[in-house]
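This report describes selected features of one protein chain. Please look at the sequence and structure below before reading on.

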Amino acid sequence: MFKRAAAVAVLSLTVLAGCGDAGGGSSGSGGPGGGTTLTVFAAASLTEAFTALGRTFEAAHPGVKVRFQFGGSSTLAQQITQGAPADVFAAASPATMKTVTDAGDASGRPQVFTRNRLVIAVPKGDPGKVAKVGDLGRPGLKVVLCAVQVPCGAAAETALAAAEVEVEPVSREKDVKAVLTKVGLGEADAGLVYRTDVKAAGGEVTGIEFPEAAKAINDYPIVEVAKAPHGALAGEFISLVVGEQGRAVLSRAGFEGP
């Protein structure tokens, strides 16, 4: 009888342990050691810059953990409007931010904090021999683009239209990092990604600038989410992003000033 009760107790503890946050914190106020977790939903192209800013924020706020959810802005916006718990939303375009503001899920007015532009990414050695944007329309060239509902996909459509180039992509990816991965692995001859993504790749791909990208520069807005679990901290994180430290980190990552 005692052995059976002990086994039940161990099983109960195991089940309870499995309910914790795999990332080491929770989305509420009860993180490890009674700490607080600030949840930030951000465009995939912000991964490196925001991860660095998250470390800066945590260092200045002992006991606070910043948990990021990176992905395509349109997907993140939809998740927020469907009730996903978040404190801050940083999108890669005003259009995707509008999804959140129109639903009444933003607290206050979004601020544009940075800008980004597209480049052509090619694998090492440029096996497809891509030199200019017009080459992307060449028959047989394997080109990958973001899905049209994602900011990088919408920007690609605008830039390609400005260049009067028709492209039949071999795939449409969920976000810009997925495009970059396919190019880096050599699964595509070229892709349209942000300048910042090529810089973050550290030589794994080569970026080719093209003038029509200036027609499709993306503004990045940020806002506190309505009913944010940690509104005060959300405001402080936004202040870090839009302030001098944030601008410096974004500039080093290849972003442009708003």
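## Helices α8 and α9

In this predicted model, helix α8 (residues 231-242) and helix α9 (residues 244-252) have axes that come within 4 Å and cross at roughly 55°.

Sorted by class, the contact of α8 with α9 has 4 nonpolar residues, 2 polar residues and 2 charged residues.

## Helix α2

Helix α2 (residues 47-60) has 14 residues, which at 1.5 Å a residue should span 20 Å.

Which residues of α2 are buried? They are Ala-49, Phe-50, Leu-53, Gly-54 and Phe-57. These residues are on the same side of α2, because they cover an arc of only 135° around the axis. An α-helix has 3.6 residues a turn, so residues three or four places apart point the same way. Arg-55 and Ala-59 lie on the other side of α2 and are exposed.

## The chain as a whole

The chain contains 9 helices and 10 strands. Of its 258 residues, 48% count as buried.

Contacts in the chain can also be sorted by separation in sequence. Among those between residues at least 6 apart, 76% join residues at least 24 apart.

How values were computed
Residues are numbered from 1 along each chain as its sequence is written. This is a predicted model: local features need pLDDT of at least 70, side-chain atom pairs count only at pLDDT 80 or more; totals for chains, interfaces and linings use all residues. Side-chain values use heavy atoms; hydrogens and water are left out. Axes are lines fitted to C-alpha atoms, for helices over the stretch in contact, and angles run from 0 to 180 degrees between N-to-C directions. Helices (H or I, at least four residues) and strands (E, at least two) are DSSP runs, numbered from the N terminus. Ala, Val, Leu, Ile, Met, Phe, Trp, Tyr, Cys and Pro count as nonpolar, Asp, Glu, Lys and Arg as charged, and the others, Gly among them, as polar. The expected span of a helix is 1.5 Å times one less than its number of residues. Buried means under 20% relative accessible area, exposed over 50%, partly exposed in between (1.4 Å probe, protein chains only). The arc is that of the directions from the helix axis to the C-beta atoms. Contact means heavy atoms within 4.5 Å.
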